[in-house]
Amino acid sequence: MKKVLHIGFDDTDSLRGSCTTHLATLIIHEIFDQVSFLDFPNLIRLNPNIPYKTRGNGAVALRIEGEEKNLEYCKEIVIEKVKNLSEVDDENTNPGIAFVEDKIPKEIIAHSQRAMWDVISIKEAEDFSSFPNVEIIKFKLGRGIIGALGAIGNPLKGDFTYEHLSYREPKNFGTKRLIDSESIYSADKETPLTFNNVDYEYNSIMILPRGADPVFTGIRGETVEEVRKAYSLIRPLEKLPMQMVFRTNQHTNQHFTEKFSIDKLKPYISAIVDAEVTSKPFYIEGSHLIFSIGDTTGKIDCAAYEPTKRFRGQLSKLLIGDKVTVFGGIRPAEKNHQMTINVERLKITELVKNTKLENPFCSNCHARLKSAGKNKGFKCPKCSTKYRELLPNEIEIPRELNLGEYLPPMIAQRHLTKPQVRENRDNTTTQKPIKDINSILADLVKN
Ligand code: ATP
């Protein structure tokens, strides 16, 4: 009798190399002809503000169905690959694997929802091993079990996107990625359902990562066909032995679900805060922008850092009294600053009137009046007429901001950030389940 198995793993990589999606692709190569896949491999990004992450806090889940003995074989392959290919010599790499048979317990779904914004302990994740259909394997500290279960517990029932990833030959890891750049610009133009290929505002190619990891390109899009089409249109100048398509929660804003009052904020969470601007924004050394916000429970500093470029310029126009919803990660207090919200996105819900006072004009000669001294009204500098009772005119200065959402440029957005091009897109309702997943996976594995 066939059974369903959900496999999750995480924390296999370090900044020196490797990547959890690469490991997943190697595993899929070994197991795809033994079992059937119920979904594309899932790349689940979790709370991007936790301190343990290497890059984008991504974990992987594979959802398969097969005979018991084949599922056992898959488990062995996963354990063997995670054990032998993880960067375990790195102090911060603490791999973890989770296997969940059949139905995913609702508690694991809740864990996954919380892992999107909160900080969870290894112990809390380990407690799931008491469930009869859950198996957990830790290497070193085994912190990866938090992400492994987080990935399993997110079957991407809501909005989602796809990412096509291609991988380099090991001899090229750490070297410059060679590609005909023009082909990226034309692939971008020919595939309207891919996005974030090029940041035209800063003329920066986004599909090539910069680190020493095995990923050559990552092409994000709304459909499997479109990300594969874009990949077929680019012209790499080095051999790429592997590719895979992941279904993912990237670019869905899934980490922003929880609203907090300021007194309830705590380090490393991803939070939404409704508040009012309480200090005029100013720049500090390093060109970072700081301003504070307040609600009925307290005040907190907000920061937009230098890499967010023109986003800082936009937020610098905020005025005291503006009503905003801030979306951001909480940076703990340190020696030189208090607890701060790192702003990832900001919505303006109300703008105060910006006014200045101007002296009125003389009704005789139309010259601009001058003050006649404190509480003495005005005097015309030309014809000397005095105006004891006249008050200054209040002039409205147009605000340089509009109501609505402000986002950093593409080069400074996080994996989870829903970009402007996806603003009105939600794949929950637009996509039918894909029936030929296994033949697409076979095709990806063979090419
Ligand atoms: P990459 O994106 O390159 O795969 P990474 O940024 O995902 O790397 P990891 O090496 O996977 O970084 O480290 C993230 C660690 O944080 C993992 O051990 C994961 O289990 C753990 N983790 C994930 N989400 C949470 C959370 N909400 N609370 C506590 N720990 C978490």
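This is a predicted model: local features need pLDDT of at least 70, side-chain atom pairs count only at pLDDT 80 or more; totals for chains, interfaces and linings use all residues.
**Two helices packed together**

- Helix α1 covers residues 20–31 and helix α2 covers residues 68–85.
- The two helices pack at an angle of about 145°, and their axes are 10 Å apart.
- Look at the way α1 and α2 cross: the crossing is right-handed.
- On the α1 side, the contact is made by Leu-23, Leu-26, Ile-27, Glu-30 and Ile-31.
- On the α2 side, the contact is made by Tyr-73, Cys-74, Ile-77, Val-78, Lys-81, Val-82 and Leu-85.
- Sorted by class, this contact has 10 nonpolar residues, 2 charged residues and no polar ones.

**The partners of β14**

- Strand β3, made of residues 42–45, pairs with β14 in the parallel sense over 2 bridges.
- To find this pairing in the structure, look for Leu-43, which stands opposite Thr-248 in β14.
- Strand β7, made of residues 161–167, runs antiparallel to β14 and is joined to it by 7 bridges.
- A handy landmark here is Tyr-167, which stands opposite Met-242 in β14.

- As background, most residues other than glycine have a negative phi.
- Lys-140 has a phi near 50°, a positive value in a residue other than glycine.
- You can find Lys-140 in the loop between β6 (134–138) and α5 (144–152).
- Is Lys-140 buried, partly exposed or exposed? Its relative accessibility is 46%, so Lys-140 counts as partly exposed, because that class lies between the 20% and 50% cut-offs.
- Leu-156 also has a positive phi, near 55°, and is likewise a residue other than glycine.
- Where does Leu-156 lie? This residue is in the loop between α5 and β7.
- Leu-156 has a relative accessible area of 3%, so it is buried; the cut-off for that class is under 20%.

Note on methods. Residues are numbered from 1 along each chain as its sequence is written. Side-chain values use heavy atoms; hydrogens and water are left out. Axes are lines fitted to C-alpha atoms, for helices over the stretch in contact, and angles run from 0 to 180 degrees between N-to-C directions. Helices (H or I, at least four residues) and strands (E, at least two) are DSSP runs, numbered from the N terminus. A crossing is left-handed if the near helix is turned anticlockwise from the far one by less than a right angle, and right-handed if clockwise. Contact means heavy atoms within 4.5 Å. Ala, Val, Leu, Ile, Met, Phe, Trp, Tyr, Cys and Pro count as nonpolar, Asp, Glu, Lys and Arg as charged, and the others, Gly among them, as polar. Two strands pair if DSSP finds at least two bridges between them. Buried means under 20% relative accessible area, exposed over 50%, partly exposed in between (1.4 Å probe, protein chains only).
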